[in-house]
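Me: Could you walk me through a few spots in this structure, one question at a time?

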Amino acid sequence: MNTTTLCPWRMQVHHITQETPDVWTLALIDHDFYRWQAGQFALVRIGNSDEVRAYTLSSTPGQSRFITLTIRYIEQGKGSGWLTRQVKPGDYVWLSDPQGSFSCEQHPASHYLLLAAGCGITPVMSMARWLHSHRPETDVHLIYSVRSPRDVIFAAELQALRPWLKLTIIAEQRPEAPMLAGRLSVEILARQVPDIAQRTVMMCGPQPYMDRAESDVRALGAVQVLREQFTAAAPVEVEDNGVRYHLSSASQQLKSAAFPASWSLLAAMEQHKLPVEAVCRAGVCGCCKTRVVSGDYQTSSTVGLTEEEIAAGYVLACSCQPAGDIELA
Ligand code: FES
């Protein structure tokens with residue numbers, strides 16, 4: 001599958017809004033009927049290249065004239081650099097079908113705890129708007145972690161959703177009242193969300209943030225815990241036919257299972273229900289990025305991986321053929 005097939009939705013940029021010093025929202029006009037769920041993402045074709053990147057659809061179905069992508073500029077980031085520095089109103093961008101299961105529509109609950117850090121607010125904001133509009137009886141507490149007050153994305157909208165939305169903002173630097181100072185911690189969670197065990201927890205942010213947050217919310221009794229997962233970070237132990245996969249899971253629970261040695265790493269992970277996103281299955285979209293710690297394997301595509309990532313053992317699971325025992329991070 002090439003990027004043209006993968007991203008068939010042509011949308012025109014209507015306007016671009018700067019949200020914070022390094023975050024911009026692109027408002028896109030959809031001339032066709034594009035149906036997505038709050039919290040989902042899309043792959044965006046980067047210029048005329050063969051590369052795509054995944055971005056949350058930050059607008060909410062039925063509530064905005066435009067489909068929006070809210071993007072943080074990352075130094076040397078090819079996708080974010082193109083979208084935030086080169087694309088102008090009037091230009092066209094190409095999107096894939098909506099992707100992902102990180103959506104409150106797919107995980108209905110009466111009580112949510114939404115956790116977001118930095119740009120991780122984008123799917124969370126989309127879901128908060130949707131819940132406020134379509135499920136106003138829902139109890140929603142959002143804890144949003146930022147570097148400083150000026151990094152709060154959607155600040156006015158978040159305030160407008162109060163008091164329906166229970167909102168806690170944590171700023172690492174120069175917090176302004178009523179923000180909390182520091183970082184998300186088990187103490188803050190216990191104090192702010194005493195009924196956490198009854199809530200469905202949905203989180204989005206950098207991987208280390210989500211690792212820590214998941215461990216903390218589970219320690220406090222949360223059972224339903226969902227992460228936005230553009231990339232794979234899965235662990236477990238699987239073996240068969242002389243090929244052994246040792247994948248350690250975030251919870252460090254190990255499991256063994258069998259699968260044919262000829263399978264791709266992605267097929268093995270999916271067979272054993274390891275959390276991995278796969279969209280193109282052809283080494284194009286980059287969604288199935290996974291890190292191999294040790295072992296031999298061959299790859300048929302490394303599209304989107306940097307030299308540093310390849311050197312560190314990152315592979316695209318759909319395009320990785322293990323040649324023996326391997327261990328995943
Ligand atoms: S699923 Fe797209 S690169 Fe693997």
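Me: Where in the chain is phenylalanine 154 placed?

Reply: First, a word on the model: it is predicted, so local features need pLDDT of at least 70 and side-chain atom pairs count only at pLDDT 80 or more, while totals for chains, interfaces and linings use all residues. Residues are numbered from 1 along each chain as its sequence is written, and side-chain values use heavy atoms, with hydrogens and water left out. Helices (H or I, at least four residues) and strands (E, at least two) are DSSP runs numbered from the N terminus. On that basis, phenylalanine 154 sits in the loop between β8 (139-146) and α4.

Me: Is phenylalanine 154 buried or exposed?

Reply: Relative accessible area decides this: under 20% is buried, over 50% is exposed, and in between is partly exposed (1.4 Å probe, protein chains only). Phenylalanine 154 has 9% relative accessibility, so the label is buried.

Me: What is the phi of phenylalanine 154?

Reply: Most residues other than glycine have a negative phi. Phenylalanine 154 is not a glycine, yet its phi is positive, at about 60 degrees.

Me: Is arginine 174 buried or exposed?

Reply: Arginine 174 lies in the loop between β9 and β10, and it too is a non-glycine residue with a positive phi, of about 45 degrees. Its relative accessible area is 58%, so arginine 174 is exposed.

Me: Which loop holds proline 163?

Reply: The peptide bond from arginine 162 to proline 163 is cis, with omega near 0 degrees. Most peptide bonds are trans. Proline 163 belongs to the loop between α4 (155-160) and β9 (165-171).

Me: What is omega for the bond joining alanine 177 and proline 178?

Reply: Proline 178 is in the loop between β9 and β10 (180-181). The bond that joins alanine 177 to proline 178 is cis, and omega is about 5 degrees.

Me: Where does the second largest pocket lie?

Reply: On a 1 Å grid over the protein atoms alone, a pocket is an open set of points where a 1.4 Å probe fits, with protein on both sides within 12 Å along at least five of seven lines; lining residues have an atom within 4 Å of a point. Domain bounds come from an automatic or database domain assignment. Both domain 1 (3-95) and domain 2 (111-227) give residues to the lining, so the second largest pocket lies between them.

Me: Which strand gives the most to the lining of the second largest pocket?

Reply: The lining has 16 residues, with Ser59, Ser64, Thr68, Arg129 and Glu157 nearest the centre. β1 (9-20), β2 (23-30) and β5 (67-72) each supply at least two residues. With three residues, the one that gives the most is β1.
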